[in-house]
Amino acid sequence: MENSGEEVKRVLSRFKSDNGEVLPGGLLDLPTNVTVDKLQLIVNALLQLDDPVPLAFFINDEQIIESLEERLKDFNTSENVVEIVYQPQAIFQVRAVTRCTGTLEGHKEAVVAIAFSPNGQLLASGSGDTTVRLWDIYTQTPRYTCEGHKHWVLCLSWSPCGTKVASACKNGRIMIWNPETGKQQGKDMIGHKMWVTSLSWEPYHQNAECRKLASASKDTDIRIWDSKLGRTLLVLSGHTKSVTCIKWGGRGLIYSASQDRTIKVWRAEDGVLCRTLEGHGHWVNTLTLNVDYVLRVGPFKIVKSKENEEITPQAYAFKEYESVGEEKLVSGSDDFTLILWKPDKDKKPIARMTGHQQLINDVKFSPNGRIIASASFDKSIKLWDANTGKYISSLRGHVQAVYSVAWSSDSRLLVSGSADSTVKVWNIKTKELSQDLPGHGDEVYAVDWAPDGIRVASGGKDKILRLWQN
């Protein structure tokens, strides 16, 4: 039996937000056995919020799971003030997908690209069979088969307004499809001399018509298109080898990664090269922005604020974009490293992230912009702190290369697809495997988590798409 007369230790503490602001209220004398629930009550009271928000708490980047004392073992509480960092958490909780609810057959070659629409209601897939398919996720049947490409469809991108999906193929042709009719919108966009590797739309908050589209190609060029007229507006030349990935940021800049080992920052409006980011020793394969999620969903979350005041979809999308803060970029490379940048103002990296043993295939910021997940040929996924680039943890369980990762919209879960033919779901709080989802007959090339959080889609070499739900 515990000695009930045992004195509870106390510790001087101060609360800070995750961007470094000290919470008003000064130093607090807290018992070391104070629980996370009590900390939530204290901070919500100090923040004077009408509607309390769920919070997570950290000491020296380690999350407090149960009570304060579990994180104070290495801390001299008699001399130091303990800084407790609090982070608001998403109120809506996404549940881990646990079972296959649909097997979508129809493609005659490997499924190379998949993407949910911004509202999560439709799914597009691109395949080696030269078609794009649009699927009804409720009936789990193909809504339309979009034919027109003459070669493997390599990439897909939904416009943030959700009214069109772009596809590009191995012989450089780009096509725009109307998801309501399955018909092509406008003309074929022809100009690239080799295959297209990446597509990215102009953000909704900058143009609600979502008319402009950027494409990157193995021919070393980036093109900005008027998708309505089907013609090239600008050609951005400067890379000396294949351009592997592009991202259209929220402040009018386009970021491109290349096999020439550089990342270039371009001004979207006139194609001027602003700066070149150097630091990688080999091909740069993949890019992610901390604003990717808000740019992807555009106006599709809530269009009325709590006070019920009307807010236009474009104003809402801009407000969501601004709430993320400064734009940050992470690049992943064949040199086994990642680099964290503030690309709109600085050529010097914030951090170089090392630890992977083989090349990096995919990297994604969590929707809340706080954690970076990277997937590698070394069979692991690694998690990194998005502010500092500091290593957090490795997620191990795949027995072959990890090709692709996708976050749940509340940033609590991560899904991965691998050459080992499995899809796995990981719990970010515990850093452990939440669900092992076998079912594919071969390598899983692509995974996506619907922005509404309800389902995951996966596709790969076995030509089949699978839908997973709770």
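This is a predicted model: local features need pLDDT of at least 70, side-chain atom pairs count only at pLDDT 80 or more; totals for chains, interfaces and linings use all residues.
Start with helix H1, residues 36-47.

Next, its buried side. Val-36, Leu-39, Gln-40, Val-43 and Asn-44 are the buried residues of H1. They cover an arc of only 125° around the axis, which means they sit on the same side of H1. What lies over them? The cover includes strands E1 (10-17), E2 (28-31), E3 (55-59) and E5 (82-88).

Just after H1 comes Gln-48, with a positive phi of about 55°.

On to the lysine. Lys-164 sits in the loop between strand E11 (153-158) and strand E12 (165-169). Lys-164 is buried, yet has no salt bridge. Which side chain of opposite charge is nearest? That is Glu-209, and it is 6.0 Å away. The cut-off for a salt bridge is 4 Å.

The backbone of Glu-209 is another matter. Its oxygen lies 3.2 Å from a polar atom of the Lys-164 side chain.

Last, the surroundings. Leaving out residues up to four places away in sequence, Lys-164 touches Trp-158, Trp-177 and Trp-201, among others. The contacts also include Ile-176, Pro-179, Gln-185, Cys-210 and Arg-211. Ser-157, Ser-159 and Ser-227 are among them too, as is Glu-209.

Technical notes: Residues are numbered from 1 along each chain as its sequence is written. Side-chain values use heavy atoms; hydrogens and water are left out. Helices (H or I, at least four residues) and strands (E, at least two) are DSSP runs, numbered from the N terminus. Buried means under 20% relative accessible area, exposed over 50%, partly exposed in between (1.4 Å probe, protein chains only). Lys and Arg count as positive and Asp and Glu as negative; His and the chain ends are not counted. A polar contact is a pair of N or O atoms within 3.5 Å; within protein, one must be able to donate a hydrogen and the other to accept it, and residues adjacent in sequence count only if both atoms are side-chain atoms. Contact means heavy atoms within 4.5 Å. The expected span of a helix is 1.5 Å times one less than its number of residues. The arc is that of the directions from the helix axis to the C-beta atoms.
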